[in-house]
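This briefing goes through a structure topic by topic, starting with a single residue. Please keep the sequence and the coordinates at hand while reading.

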Amino acid sequence: MPTKNVTDERISKFKNKGKDPAKLREKRITECVELRKAHKNESFLKRRNITLSSLPDEEALSPDYLSNEIATILSIEEIIKDVNSDRKESQTRGCQAARKLLSQERNPPLKEIIDAGLLSRFVSFLSMDDEPTLQFEAAWALTNIASGTSWHTQQVVEHGAVPAFISLLASPMLHISEQAVWALGNIAGDGAAYRDVLIECNVIPALLARISPETPVGYLRNLTWTLSNLCRNKNPFPPLSAVMQVLPSLIQLLHLSDKDILSDACWAISYLSDGDNDRIEVVVKTGIVSRLVELMSHGELSVMTPALRSIGNIVSGSDLQTQMAIDAGVLDVLPQLMRHPKASVQKEAAWALSNIAAGPCKQIQQLITCGLLPPLVEQLRSGDFKTQREAVWAVTNFTSGGTVEQVVNLVQSGALEAIINLLQVKDAKVILVILDAINNMFMAAEKLGETEKLSLLVEELGGLDRIEMLQNHDNDMVYQAAHNLIEKYFGDDDVEGVKVDTNDDAFAFQCSDEQRTFEF
Amino acid sequence: MFISDIRKEFYEVVANQRVALLVSSDIDALCACKILQALFHCDQVQYTLVPVTGWQDLGTAFLEHKEQFRYFVLINCGANVDLLEMLQPDDDSIFFICDTHRPVDVVNVYNDTQIKLLIKQDDDLGVPSYDDIFRDEEDEGHDSGNESDGGSEPSGKRRRFDEGAVERRIERQRERREWEARRREILFDYEQYEYHGTSAAMMFFELAWVLTKDTKDMLWWAIIGLTDQWVHDKITHMKYVTDIATMQRHVSRHNHRNEDEENSLSIDCMRISFEYDLRLTLYQHWTLYESICNSCYTSCSFKLWTLNGQKKLQEFLADMGLPLKQVRQKFNSMDMTIKENLRDVIEEASNKYGMKDIRIQTFGVHFGFKNRFLASDMVHATAALLESTEKDESDSDNFIKALDSLSRSNLDRLHSGIELAKKKLIAIQQTVASCICTNLILSQGPFLYCYLMEGTPDVKLFSKPMALTLLCKYLLKAFVHSTRNKRCKLLPLIMAAPKDVEKGTVIVVGITPESETSDKKNFFGRAFEKASESTSSRTLHDNFDTSIIELKTEDRSKFLDALITLLS
């Protein structure tokens, strides 16, 4: 047996088992989140490839659009002069030149434009409803400045762009309104603080008002993305009232077929479901679970990934919430995702599986019935390490909540051999989890009076050698856990001598099954 | 990275350090190890010798020694995988790799800090140029966003580009995709075939020479290393002849240098000589008759597994005028008169029987007055010791014995190795004969396939990689001589033999088609990997040669089916 405190600490990492369900979730995914965060920060710099959503003819709406040859050659000084002049033509020309500089791919002069003091001019242009071209150019320029670092975004907000953009949403010119949507998305994407500033300014009703059956797809894509940013980020979460406002429209968007819209809408759901059980409940109540499960089989990775993430979040919730996902058929989809060619998908699927395995034995039974043991064992054997780590958790959760029969089933499907092979990894945490699983299996065997057979099986599979080796492990807890296992189940021969096994029609860890559980 | 100055960049670096020596289980590696040990003794370099039989072994050995050692010398292992990826060493561990396995993994080639390759660059490496396979981050930066990986989280902010920028970006992405496609193609071509480069023993001999610390013993080991590559058919005939010429220059230099001392022959003197000797295995330590019967070259030419072949052999002996009694006599006890010009007599008769190249360039050695060995004798004896299945001895016991048999102070060990080698050769010959006679070699379309069943005599012997490889080569040659099917003559061969009965596994070896002009480039390594992946067969790719794997017996048929589809 592992030492008491170790067990407790680990048990508290499972849903249902620990006292504090929020904490356990948090711990369980801290690492993933950190990775995601790292990735996110990276993509701030990298940015996302975007195709222009405004249709080409919308560009043609701005009459002076063609005069761009002259505009491009303006220097920053000339731009400053033009923008600050009183003549509308000069303002438009300067603003367009600035926008062009800010749209070039390499080293856009964000800071130079800000330092030149042009932001307040740009913001003031936003409200000139009688100068649509100028409005559009200014909105575009501000959008790109807000796409920079937090400091850049801050400059835009502090020049009063938020209310200006929100009123611009109502512009009758679609391309201008869409540019405002985009700019607001950049501001919301900066973090929880500006997100909540926008929400305070009632951005959500203004945005939702633009959704209609006639809205062009390009516009909807931008809008969905902006909505997803309004759902994004924790500490704090977006206010519940805002979430309630957004959700119905999100659900509506989730039933469209455009993959970009689906992707961003799914990401939004994944942000909203990434919280405690109450947060999950809000999402689940909308009845979207079955659509999410459906989208887990979507052909586009960009849709399937956030759908899987959302469902993964949901099954980390309460038993009831998990059951809803199961009823929606998540267990029928997971096997194919466990075998997906992309390791990141396998990992995510294994994570979801590990949380379902932490449920009551009824859910564990459904997991078995739906044929999830074979892919689980495959991943344990030959998955990517991150996937193996999740799969190991699944085994441990399974063995701690499953019935004796279920645990026997698990051992027979080859999981024992697979986790024994994993005992050679370097990660001490994983080793501890495996030792815990083995210990759980022994407890099941004890109930059947089959400990000796299991000891024998573990030994034959090379597990005893590995566990003995672990007694030399640097990590004290690993040493303790390994030592306890050996003490208890691989002790002196006299113990075996005393306990004569008379139970010969035992079905559990029989040698005939060895063939199947044998593995490299 | 490749090391250009082996003395400065390798020897002088490790000279004052403690070194872990990880040595693969093949004869060339043993010889290389002997040379390096001798140098280390000379300069009092502290080292620990660890024999490794496969990748898992290598991983364990590294884990066990990484705390105490900073410098690792890997002999005949490690070059053909991304070693840093596999071992995950700390930043300060340094690996010197002297390995004949090709292709060298590109990451090993272009890592400048931890991987030092003791590999001659003129060795027909064909490494793709850096720019073709690596791209600097800066170039990638902007593009790598979500396009390549549709599954990552969207960015929080997005800039709007103007039309032109979008086009340029699309253009760049197209270029990048093309570059990636070309990269895949280049890497595929580069990694497609497995083959072998210059002997590790020769590399270390060259080091000894550069240090002017080379001795005759070292020279002899280098020759054995090279001969191992020939015996186990790892290099082309051209490469063998070229390297023999190199060794011959060293031999004449040494003989010349020590002429005066050497004239006073003493009981412990050592003399290496270039020979144009017979391709009859171990004949000087056997009877001529048995050697002819158990040498691949003669046995296949006569087709000794047929009655006709046996008859032809008798004719051949009669033709040479050698009395049967003499021929079945221990070679040592044969009449001096017969022995005197035996090689010429045999060559002449062989020419008549279509064996045009019964003689081959090689080297022999005299220890004192009595003991004479050919380089190939040494290879067979040491290999037999290394893969001995006689007693239940561990791999490392066998390794030490084999290593010992290479020292001239250990002639007893060498002789026991020769006896083992004879048994092994007889076993091979008998297995070849029974496989041919019972038609065990099946044509599977793109390759030939032969499975040795559990219960076949000597099957335990063939659970070892070198022995099974040798059997493969002999069997394929014999098959090519015996079949009338022209197409089959050009096919490679896959052979499977029981490996571990308890675990229920077989060892599988794939070899290149039999041909004098073969380039010895083996594609089975990749093919095995692919076939195993596509069928999720339970395979273990543990051998340093990727064309040798372990496979779960029950997965054999699906694995084979996949191979056939893959290669047709």
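Predicted model: local features only at pLDDT ≥ 70, side-chain atom pairs only at ≥ 80, totals over all residues.

Is Glu419(B) buried, partly exposed or exposed? With a relative accessible area of 44%, Glu419(B) is partly exposed.

**Salt bridges**

- Side chains of opposite charge can pair when their charged atoms come close.
- Over all chains, the count of salt bridges comes to 43.
- Glu419(B) meets Lys422(B) in a salt bridge, with an N to O distance of 3.2 Å, and because the two residues are three apart in helix α21 (residues 411-437) of chain B, about one helical turn separates them.
- Whereas Glu419(B) is partly exposed, Lys422(B) counts as buried, at 10% relative accessibility.
- In chain A, the side chains of Asp274(A) and Lys234(A) form a salt bridge at 3.4 Å, N to O. This pair links distant parts of the chain, 40 residues apart, since Asp274(A) is in the loop between α17 (259-272) and α18 (277-285), while Lys234(A) is in the loop between α15 (217-231) and α16 (240-253).
- Asp274(A) counts as buried at 11% relative accessibility, while Lys234(A), with a relative accessible area of 27%, is partly exposed.
- Another salt bridge joins Asp196(A) and Arg195(A), whose closest N and O atoms are 3.0 Å apart; Arg195(A) is buried, with a relative accessible area of 0%.
- A network of salt bridges links Arg221(A), Asp258(A), Lys259(A) and Asp260(A).

**A buried threonine in chain B**

- Thr298(B) lies in helix α14 (residues 296-302) of chain B, where its relative accessible area of 2% makes this residue buried.
- The side chain of Thr298(B) reaches the backbone oxygen of Ser295(B) at 3.3 Å.
- Leaving aside residues up to four places away in sequence, Thr298(B) touches Leu280(B), Ser291(B), Ile292(B), Met355(B) and Ile358(B).

**The buried side of helix α20 in chain B**

- Helix α20 (residues 395-405) of chain B has Asn398(B), Phe399(B), Ala402(B), Leu403(B) and Ser405(B) as its buried residues. These residues cover an arc of only 160° around the axis, and therefore they are on the same side of α20(B).
- The elements of chain B against which the buried residues of α20(B) pack are β1 (18-24), α2 (27-43), β2 (46-52), α19 (375-386) and α21.

**Chain A as a whole**

- Chain A has 34 helices and zero strands, and of its 520 residues, 58% are buried.
- Of the contacts in chain A with a separation of 6 or more, 73% are between residues 24 or more positions apart.
- The accessible surface of chain A comes to about 21100 Å², and carbon and sulfur atoms account for 54% of this area.

**Confidence in chain A**

- The average pLDDT of chain A is 83, and 80% of the residues score at least 70. Residues 1-71 of chain A, however, have a pLDDT below 50, although this stretch has 123 contacts in the model beyond near neighbours in sequence.
- Residues 494-508 of chain A also stay under 50 in pLDDT, and the model has 20 contacts beyond four places in sequence for them.

Terms used:
Residues numbered from 1 in each chain as written. Chains lettered and ligands numbered in written order. Heavy atoms only, no water. Helix = DSSP H or I, 4+ residues; strand = E, 2+ residues; numbered from the N terminus. Buried < 20%, exposed > 50% of the residue type's maximum accessible area, 1.4 Å probe, protein only. Polar contact = N/O pair within 3.5 Å; in protein donor to acceptor, adjacent residues only side chain to side chain. Contact = heavy atoms within 4.5 Å. Salt bridge = Lys/Arg side-chain N within 4 Å of Asp/Glu carboxyl O. Areas by Shrake-Rupley, 256 points an atom, 1.4 Å probe, with all protein chains shown as cover. Arc of directions from axis to C-beta. pLDDT = per-residue confidence, 0-100.
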